Amino acid sequence: MKVLITGANGFVGSYLANFLKSNGMEVTCALRHPSRKMNGFRNVIVSTPTSSQDWAEALKNIDVVVHLLSRTHNTSERNTNTLHIYREVNVDITNALCDAVLASNSVKRIIYLSSIKVNGEHTPAGEPFSEQSAPNPQDHYGQTKLEAEQLIQSKFDTSEKDYVIIRPPLIYGKELKGNLLTLQKAICHGIPLPFSCIHNSRSMISLGNLSSFIQCCLTGPQASKNTFLVSDNAQLSTREIVEKIARDSNTSPRMFCLPSPLMKALFILLRKKELNEKLLGNLEVDNQFARKTLNWNPDC
């Protein structure tokens with residue numbers, strides 16, 4: 001099978017490209033700049049990704065497209081007028097790619113990596129997001145990922161060609177990024193963290209589990225025109241996340257107990273509402289539909 005991955009040199013894309021190649025797939029990496037070419041793979045440069053004509057050349061002889069290219073969320077932009085920037089990458093590029101897929105003689109399916117942020121930022125305890133949960137994006141990233149989903153559905157619902165939409169929660173791997181990388185640095189520097197009595201519940205997904213699910217979606221007819229929420233089987237508290245990062249970093253975490261109400265008051269005082277949600281709140285995902293539909297078995 002010939003697979004094209006957009007955003008192939010990113011955090012998810014570079015892992016996925018190697019994972020699929022090791023499982024016998026012929027992988028092509030679609031990149032925006034020649035300087036970012038990936039060794040060991042066929043690379044195609046799409047210099048104007050908002051143009052369907054530019055995508056047409058990249059899609060020649062491709063069977064399935066995995067669309068990862070995205071402008072990811074940045075909490076520092078939460079209150080700034082950047083919606084048009086997110087929309088250009090997350091919606092306009094997706095629109096051009098979809099048009100090229102629909103016009104292609106070879107591509108049969110597009111797999112779109114969306115985000116659980118389409119559903120929202122937190123869940124009540126014991127009430128995980130599922131495929132039936134109503135969308136409730138809270139920032140420009142979540143809003144434009146939802147718009148891209150709706151665009152794909154509108155274009156492909158009446159087409160013989162397939163789409164699959166995947167909404168993962170926080171993705172982690174050996175090389176951490178974002179908030180997890182910040183935690184790792186604090187742990188490795190021996191900074192005491194106030195999470196020993198935090199008992200929230202958050203879903204995550206490893207790069208390995210996400211890649212194995214995407215592989216299931218490449219050919220499985222049951223995946224056709226479905227939206228899936230995916231996650232590891234285990235739900236972790238912030239305390240357990242810190243402990244896991246420490247284990248993976250071959251160190252021991254230093255933690256103490258600061259009660260949640262006091263931490264919440266501190267975050268409000270510091271105007272860090274997003275940290276309150278991520279470190280103290282719940283965000284659970286029900287992965288049963290994905291597991292049952294595609295006989296997918298996360299390894300953790």
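In this predicted model, the largest nonpolar core comprises 35 residues, of which I5 and I166 touch the most other members. Several elements each supply at least two residues of this core: strand 1, helix 1, strand 2, strand 4, strand 5, strand 6, helix 6 and helix 10. The greatest contribution comes from helix 6, with 6 residues.

The surroundings of I5 can be listed individually. Leaving aside residues up to four places away in sequence, I5 is in contact with G13, L16, A17, L20, V27, T28, C29, A30, V66 and L68.

**Packing of helix 1 against helix 6**

Two packed helices are described by the angle between their axes and the distance between the axes. Helix 1 and helix 6 pack at an angle of about 60°, and their axes lie 10 Å apart. Helix 1 is therefore oblique to helix 6. The crossing of the two helices is right-handed.

| Helix | Residue range | Residues in the contact |
|---|---|---|
| Helix 1 | residues 11-22 | F11, V12, Y15, L16, F19, L20 |
| Helix 6 | residues 207-219 | L207, G208, L210, S211, S212, I214, Q215, L218 |

By residue class, the contact of helix 1 with helix 6 consists of 10 nonpolar and 4 polar residues, with no charged residues. L16 and L20 of helix 1, which take part in this contact, are also among the residues that I5 touches.

Conventions: Residues are numbered from 1 along each chain as its sequence is written. This is a predicted model: local features need pLDDT of at least 70, side-chain atom pairs count only at pLDDT 80 or more; totals for chains, interfaces and linings use all residues. Side-chain values use heavy atoms; hydrogens and water are left out. Axes are lines fitted to C-alpha atoms, for helices over the stretch in contact, and angles run from 0 to 180 degrees between N-to-C directions. Helices (H or I, at least four residues) and strands (E, at least two) are DSSP runs, numbered from the N terminus. Angles under 35 degrees count as roughly parallel, over 145 as roughly antiparallel, 65 to 115 as roughly perpendicular and the rest as oblique. A crossing is left-handed if the near helix is turned anticlockwise from the far one by less than a right angle, and right-handed if clockwise. Contact means heavy atoms within 4.5 Å. Ala, Val, Leu, Ile, Met, Phe, Trp, Tyr, Cys and Pro count as nonpolar, Asp, Glu, Lys and Arg as charged, and the others, Gly among them, as polar. A nonpolar core is a set of buried Ala, Val, Leu, Ile, Met, Phe, Trp, Tyr and Cys residues joined through side-chain atoms within 4.5 Å. Buried means under 20% relative accessible area, exposed over 50%, partly exposed in between (1.4 Å probe, protein chains only).
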